[in-house]
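Work through the exercises below with the sequence and the model in view. Try each task before reading its solution.

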Amino acid sequence: MSSSTAAAGTSPVTEAAPLSLCAREPHVPADRLVAEMVPPPRFDAVRFATYLPDPNQPSQTEAVRVLEGFAAGLDGAQAGGARRGLFGFGRGRAAKAPAGPRGVYLDGGYGVGKTHLLASLWHATPAEPARKAFGTFVELTNLVGALGFQKTVETLSGHRLLCIDEFELDDPGDTVLVSTLLGRLVDAGVALAATSNTLPGKLGEGRFAAADFLREIQGLSAHFRALRIDGEDYRHRGLPEAPAPFTDEQVTQAAHATENASLDAFPQLLDHLAKVHPSRYGALTDGLGAVCLTGVRPVPDQSTALRLVVLADRLYDREVPVLASGAPFDRLFSEEMLNGGYRKKYFRAISRLTALARDAKGLVQES
């Protein structure tokens, strides 16, 4: 801040006007999609040792134990046939690929630390980064769309581990696609790990005619040993309630005073998200110091809501604070949405946006 600005008693402003998400139309080459299959910035430094199990939730301690053994079981494993069974930890004898599940599936509510544990597994697996992949379910299906199915199989078959976060099937096409892809990767010796709020056998329930695709869903379930992780949302344990929305003027001033902040009207941003493929939402947020939104209001329909969920996930992964005016984030989704088949996605988005709203409180100048 310059002395003249301070003397005048005005808020400091950046030289450039705020950025706008609505002005961005990112194009992401396929090689970037592959190169970015690593834990996002928020989870770059996490390890099993930094996960703090709730002493009242023994399933959390058990999950750490199992996953540490899972990583140890991958030591020296080769694609095309592991020398140790994933759940015969430490047996060490030469053997054909294990007959049991080739993966582990972390099931639990939002905010119990599943992504922390999944990223910790990625870091603990004894393989160079180029031989282990980490991405969300949406990013995996988008990779297939960018590379083609066979090229995706070839690209990932040499990996020791594939971690899939937020594993949720939203349509029958994805069910068949992912079932076939994971079957091919398991045959190639790739170990799998995934997180979700839904058990493998229940994927798709309440969203489409899951019974018509029961064979594919059961095939997916057969690849995983499910681990249930109980607990409350760590993002809100012992913390004050989410901050109330600010005024349009406060949000606008903060956008001008914050380096690399974006400023958009919420309704216009929702319209823009419909024009950008969800696989590009990460690139949409590149370089942002904060996201400032005016006029937040409940989303009008489910398609819009699901796009907003993906954006919330990418902002949370990248630790981008979100400052907003209008309706509070716990009113984004209607009661019908919160009681429907995608309810767990919506609750996750509310939880993550609330955490990012707390992070943004310091951006507003005290009057």
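**Exercise 1. Find what share of the contacts with a separation of 6 or more joins residues 24 or more positions apart.**

Step 1. A contact means heavy atoms within 4.5 Å.
Step 2. Among contacts in the chain with a separation of 6 or more, residues 24 or more positions apart account for 83%.
Step 3. Note the source: this is a predicted model, in which local features need pLDDT of at least 70, side-chain atom pairs count only at pLDDT 80 or more, and totals for chains, interfaces and linings use all residues. Residues are numbered from 1 along each chain as its sequence is written, and side-chain values use heavy atoms, with hydrogens and water left out.

**Exercise 2. State how many helices and strands the chain has, and what percentage of its residues is buried.**

Step 1. Helices (H or I, at least four residues) and strands (E, at least two) are DSSP runs, numbered from the N terminus.
Step 2. The chain has 14 helices and 8 strands.
Step 3. Buried means under 20% relative accessible area, exposed over 50%, and partly exposed in between (1.4 Å probe, protein chains only).
Step 4. Of the 367 residues in the chain, 50% are buried.

**Exercise 3. Give the strand order of the sheet of 5 strands and name its edges.**

Step 1. Two strands pair if DSSP finds at least two bridges between them.
Step 2. The order in this open sheet is β2-β3-β4-β1-β5, with parallel pairing.
Step 3. The edges are β2 (132-136) and β5 (224-229); each has a single partner strand, so one side of each is left without a neighbour in the sheet.
Step 4. On average, neighbouring strands here are turned by 15° against each other, direction ignored. Axes are lines fitted to C-alpha atoms, for helices over the stretch in contact, and angles run from 0 to 180 degrees between N-to-C directions.
Step 5. Helix α3 (residues 58-73) packs on this sheet and touches β1, β3 (161-165), β4 and β5; the direction of α3 makes about 150° with that of β5.
Step 6. Strands β1 (residues 103-108) and β4 (residues 191-196) run parallel and are joined by 5 bridges.

**Exercise 4. Which residues touch the most other members of the largest nonpolar core?**

Step 1. A nonpolar core is a set of buried Ala, Val, Leu, Ile, Met, Phe, Trp, Tyr and Cys residues joined through side-chain atoms within 4.5 Å.
Step 2. This core has 63 residues, and the ones touching the most other members are L117 and F333.
Step 3. Helix α12 (residues 302-317) gives the most to this core, namely 8 residues.
Step 4. Beyond its neighbours within four places in sequence, F333 has contacts that include V299, L308, Y346 and I350.
Step 5. Another core, apart from this one, has 24 residues, including L33 and L182.
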